[in-house]
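Hi there,

Here is the structure I promised to pass on to you. Please have a look at it first, and then read on for what turned up in it.

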Amino acid sequence: MTDTVYKINELFETIQGEGAFTGQPSIFLRLQGCPVACSWCDTKHTWDIEDDKIIPVKDMFAKTSETDEWSSMSVVQILRLFKAQAFQAKHIVITGGEPCMYDLTPLCNGLEEQGYSCQIETSGTFEVLTTKDCWVTVSPKIGMRGGYEVLRSALHRANEIKHPVATEQHVDDLKALLEQHDVENKAIYLQPISQKQRATELAIKACIENNWRLSVQVHKYIGIE
Ligand code: SF4
């Protein structure tokens, strides 16, 4: 098995609260690093990769608050940790940060070989490098401060497209993006930003009008990570 290493900010077992896998027990692997710079990002502590923020795996795993510290872990170490923690979930969600800054093929290969299914959550601004069986969730970040374009290749690789919305403009931006890149026959989820009532009402209306689906970040309503 490969010994490629990844920069891990956080690793925990919970229930997936978004998109097609809502309700699925999952192990979340949060990778360090993201240059996309979304203004509403709720994981800003994952943006920078500073060499002096590296910590031992046991300290990363014992974190009780969000920090910009990270651990370097190989696929073999990650699998060992899953076993040591007696995690029961067989679905792995690789998130960030922006996980597609990295080639995720060795990671997903190693996990799939051990019977896990993999899902990547990406902004769509980097090439998606992973296995063919990996479920890819693209949450397209359009016109963010970092200046990255959403890639046509990422949209076409997506198994689902999940879009955060707070205003009509966000809905229009998504429609324009799908049209520009000839994206058809994808499961599209609208996700109200920050559980705001206005955003939720807007998302419901747009879902009904376009035959899209609603994703409400169930984990935030039931108070889990
Ligand atoms: S792509 Fe994700 S991690 Fe990066 S800034 Fe945007 S919301 Fe935050």
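Let me start with the ligand. The residues around it are Cys 34, Val 36, Ala 37, Cys 38, Cys 41, Thr 43, Trp 47, Gly 97, Ser 123 and Lys 141; a residue is listed if one of its heavy atoms lies within 4 Å of the molecule. Sorted by class, this shell has 6 nonpolar, 3 polar and 1 charged residues. For that sorting, Ala, Val, Leu, Ile, Met, Phe, Trp, Tyr, Cys and Pro count as nonpolar, Asp, Glu, Lys and Arg as charged, and the others, Gly among them, as polar.

The ligand takes up the space of the largest pocket. A pocket is an open set of points on a 1 Å grid over the protein atoms alone, where a 1.4 Å probe fits and with protein on both sides within 12 Å along at least five of seven lines. A molecule sits in one if more than half of its atoms lie within 2 Å of its grid points.

A word on how to read all this: the model is predicted, local features need pLDDT of at least 70, side-chain atom pairs count only at pLDDT 80 or more, and totals for chains, interfaces and linings use all residues. Residues are numbered from 1 along each chain as its sequence is written, and side-chain values use heavy atoms, with hydrogens and water left out.

Now to the backbone. Gly 97, one of the residues around the ligand, is found in the loop between β4 (91-95) and α3. Helices (H or I, at least four residues) and strands (E, at least two) are DSSP runs, numbered from the N terminus. The peptide bond from Gly 96 to Gly 97 is cis, with omega near 10 degrees. Most residues other than glycine have a negative phi, and most peptide bonds are trans.

Which residues other than glycine have a positive phi? Ala 86 is one of them, at about 55 degrees, and Asn 211 is another, with phi near 60 degrees. Ala 86 lies in the loop between α2 and β4 and is partly exposed, with a relative accessible area of 48%. Asn 211 is placed in the loop between α6 and β9 (213-214) and counts as exposed at 71%. The cut-offs here are under 20% relative accessible area for buried, over 50% for exposed and in between for partly exposed (1.4 Å probe, protein chains only).

On to the aromatic side chains, where the structure holds 7 pairs. Rings of Phe, Tyr and Trp (its six-membered ring) pair if their centres lie within 6.5 Å; planes under 30 degrees apart count as stacked, over 60 as edge-to-face and the rest as tilted. Phe 12 and Phe 28 have ring centres 5.4 Å apart and planes at 10 degrees, so this pair is stacked. Because Phe 12 lies in strand β1 (residues 5-15) and Phe 28 in strand β2 (residues 25-31), the pair ties together parts that are 16 residues apart in sequence. Phe 12 and Phe 28 are both buried.

Phe 82 and Tyr 116 make an edge-to-face pair, 5.5 Å centre to centre with 70 degrees between the planes. Phe 82 sits in helix α2 (residues 75-84) and Tyr 116 in the loop between α3 (105-113) and β5 (117-122), so parts that are 34 residues apart in sequence are tied together. Both Phe 82 and Tyr 116 are buried. Ring pairs also link Phe 82 and Tyr 116 with Phe 61 and Phe 87 into a cluster.

What sits over the ring of Tyr 116? The charged end of Lys 90 does, 4.2 Å from the ring centre. The criterion is NZ of Lys or CZ of Arg within 6 Å of the ring centre and within 35 degrees of the ring normal.

Finally, a few C-alpha distances:

- Gln 77, in helix α2, is partly exposed at 33%; Gln 77 and Asp 3 are 74 residues apart in sequence and 8.8 Å apart in space.
- Gly 23, in the loop between β1 and β2, is partly exposed at 42%; the C-alpha atoms of Gly 23 and Val 218 are 195 residues apart along the chain and separated by 8.2 Å.
- Glu 209, in helix α6 (residues 197-210), is exposed at 54%; Glu 209 and Thr 4 are 205 residues apart along the chain, with 45 Å between their C-alpha atoms.

Best wishes

Definitions and conventions. On a 1 Å grid over the protein atoms alone, a cavity is a set of points where a 1.4 Å probe fits but cannot get out, and a pocket is an open set with protein on both sides within 12 Å along at least five of seven lines; lining residues have an atom within 4 Å of a point.
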